[in-house]
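Subject: Handing over the structure, with notes on its charged pairs

Hi,

Here is the structure I promised you.

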Amino acid sequence: MMTLPLARHAVAKHPLFSSFKVDYLFALEYFLRKYGEGSIQAREAFKVYEAKLSSRNPYSYCGDDKAIEIVRSFLGTRFDFLTAHYRCYRACLLMDCLFMLAYSDPDKAQIILDDFCSLSVKRYHKLFYRLFDYLYAGKRSEPFRGIRYIKHQLECLDAEKIFERKPLRRILFTASMSAGKSTLINALIGKKITQTQSEACTGKIHFIYNKPYEDSFTAKWEDSLNMNATEEQLMAYDGNSDKVRVWTYFRSFLSDNFRWCLIDTPGVNFSLNSEHLNITRRTIEHEAWDYLIYIVNGEYTGTNDDKNHLEYIFQHVPDSKIIFVLNKLDRYSAKDDSIPDAVMKLRNDLEQIGFKNPIILPISAYTAMLAKKCIFRTEFNSDEADEFDFLRRKFLRTEYDLSIYSTGLTETDRMQRFAIPKRFLERKNPLASDCYQLLINSGLLGFEKILGDKE
C-alpha cells in the first residue's frame, strides 16, 4: 500500500473551515496511536495526510481526551451546532483508518470496525458493516451510490485491489556510463526518478514500481520510508542500504496487464569505483527479473567496455530475454550520420559475439523525455526549452521517424493518448499533438509496446 486516496478526497476538498480538516487529522491520529504502533507505512502515510490537510505550522496532536470528543462528533454521539456537518464524513474516517491501519489485515480491520461501532450511534452501524463487507468479504453487489463523500476512496481502493491481482513484470536495465540509461528510465516513467549522467554516479540498485493511479506522491524507501519524496530527496542517496525502492505512477503506455518494476543498475565502466561492475553482475545473476534492456550509446558503438559487458551478457542471459536499445540518436545529423547503418553495425557486432536475431530498437530517450515533460507541463530549464524546440522540429521529419523499427506498432497504438482532459490539452498545451508524435517518432512508444507484448 503505497498509494494514497487524497487527490479528490472529500475532506481535502472541504470548502469551509480549516479547523475542520485539523479536527479530522486529530480523529485520524487518535486511531493511528491506538492501532498503528510499529507500522512504518501507517505513520508515514499520516504525514502525507498531515501535509495535505493541515494549515497549522507545525501540526501537533491535541491529546487523547480532546481527540476522543472529536471522534464522537464524527460518529454522531456528540452533537453541537459547530460540529453538525462532521457526521457527514463518518464513512471517510472509517475508510481512511481501514486503508491506513488494516489494508490487508481483516482481523485488525474487524477490531477497528467494532471500535467505531462502540463509539457511534446505532443507525450508522449498517453502513459501517456494509463497508467492511465490501472491502474485506468481497460483497459488492450493492454499490454505494448514496455516499458521495467516499466515492473517490472507494474508486481508489477498487483500483488498488484490481492492480494487486496483476502479474509483476520486472525489467532490468544495464549499460556503460553515458549511454543514457537513466534518461531512458525517466522517459518511460515520465518523471525524473533517477540521476542522469551530469549528476553523481551511485552504486545502488534502484527498484522503481508503478502505482495503480496518479496520487501525486512518490514514495522512496532507502534506510527509511518517505511517502512524499521531493525530487531533491529522490536524487539524494546517502543511506547505508545498497538498494533503493521507489513507488510512483508511470506516465507511460506500458501495458496495464501488468504491474511494473524497473531495475536500474550502476554503469559498468565507472572509473572511480570498479565495484559498480560487480554490483551490476550480481544483480543480473541473483535478482529476479523478466527481461534485460541493454542500452548502447549511439555515438560510440563498439567500445571495449561495451564489448566486454556484452560478452558477459551473452554468457549469462538467454537471447530471448534481451532487448538492445540504440540510444542518443538525437545527436545524429542527416548529413554526417546514418541511422540504418548504425543499426546494421550494432547488429553485426552482436552477431559476432554470438547473439542470434537480436532485437534492436533505435531510440532518442532525451527527445521522448522532453515530450512527456511538455505534455504534463513539467517546467523546462533554459537549456531544455531550447533543445526541445530544436528536437521537435528534427524528429517530426521523416528521416528521423524511428517508429519504422517498431514492427509491432499498430495504428491503434499510434492513436493512444494519455488520460488528460481534452480541454486542458487544447487550451493550455497547443504543442501536445506534436509531443504525442514525438513519442512515436523517438521510438519510445514502440519500446513501451514491445515490453508489454513480449511473452
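Glu214 is partly exposed, with a relative accessibility of 28%; partly exposed covers the range between buried, under 20% relative accessible area, and exposed, over 50% (1.4 Å probe, protein chains only). Its partner Arg251 is buried at 18%, and the two side chains form a salt bridge with N and O 3.8 Å apart. By salt bridge I mean a side-chain nitrogen of Lys or Arg within 4 Å of a carboxyl oxygen of Asp or Glu. Glu214 sits in the loop between β2 (205-210) and β3 (219-221), and Arg251 in the loop between β5 (243-248) and β6 (259-264), so this pair links parts of the chain 37 residues apart. Helices (H or I, at least four residues) and strands (E, at least two) are DSSP runs, numbered from the N terminus.

Before you go further, please note that this is a predicted model: local features need pLDDT of at least 70 and side-chain atom pairs count only at pLDDT 80 or more, while totals for chains, interfaces and linings use all residues. Residues are numbered from 1 along each chain as its sequence is written, and side-chain values use heavy atoms, leaving out hydrogens and water.

In total, the structure holds 25 salt bridges. One of them joins Asp115 and Lys34, with the closest N and O atoms 2.9 Å apart. Asp115 belongs to helix α5 (residues 106-119) and Lys34 to helix α1 (residues 18-35), so the bridge ties together parts that are 81 residues apart in sequence. Asp115 is buried, at 10% relative accessible area, whereas Lys34 is partly exposed, at 42%.

Arg331 and Glu299 also meet in a salt bridge, at 3.0 Å from N to O. Both count as partly exposed, Arg331 at 45% and Glu299 at 33%. There is a network too: salt bridges link Arg8, Lys151 and Glu155.

Which buried residue has no salt bridge? That is Arg90, whose nearest side chain of opposite charge, Asp96, is 14 Å away (Lys and Arg count as positive, Asp and Glu as negative; His and the chain ends are not counted). Arg90 lies in helix α4 (residues 90-101). A polar atom of its side chain is 2.7 Å from the backbone oxygen of Arg87. Setting aside residues up to four places away in sequence, Arg90 touches Phe74, Leu75, Phe116, Tyr124, Leu127 and Phe128, where contact means heavy atoms within 4.5 Å.

Best wishes

Technical notes
A polar contact is a pair of N or O atoms within 3.5 Å; within protein, one must be able to donate a hydrogen and the other to accept it, and residues adjacent in sequence count only if both atoms are side-chain atoms.
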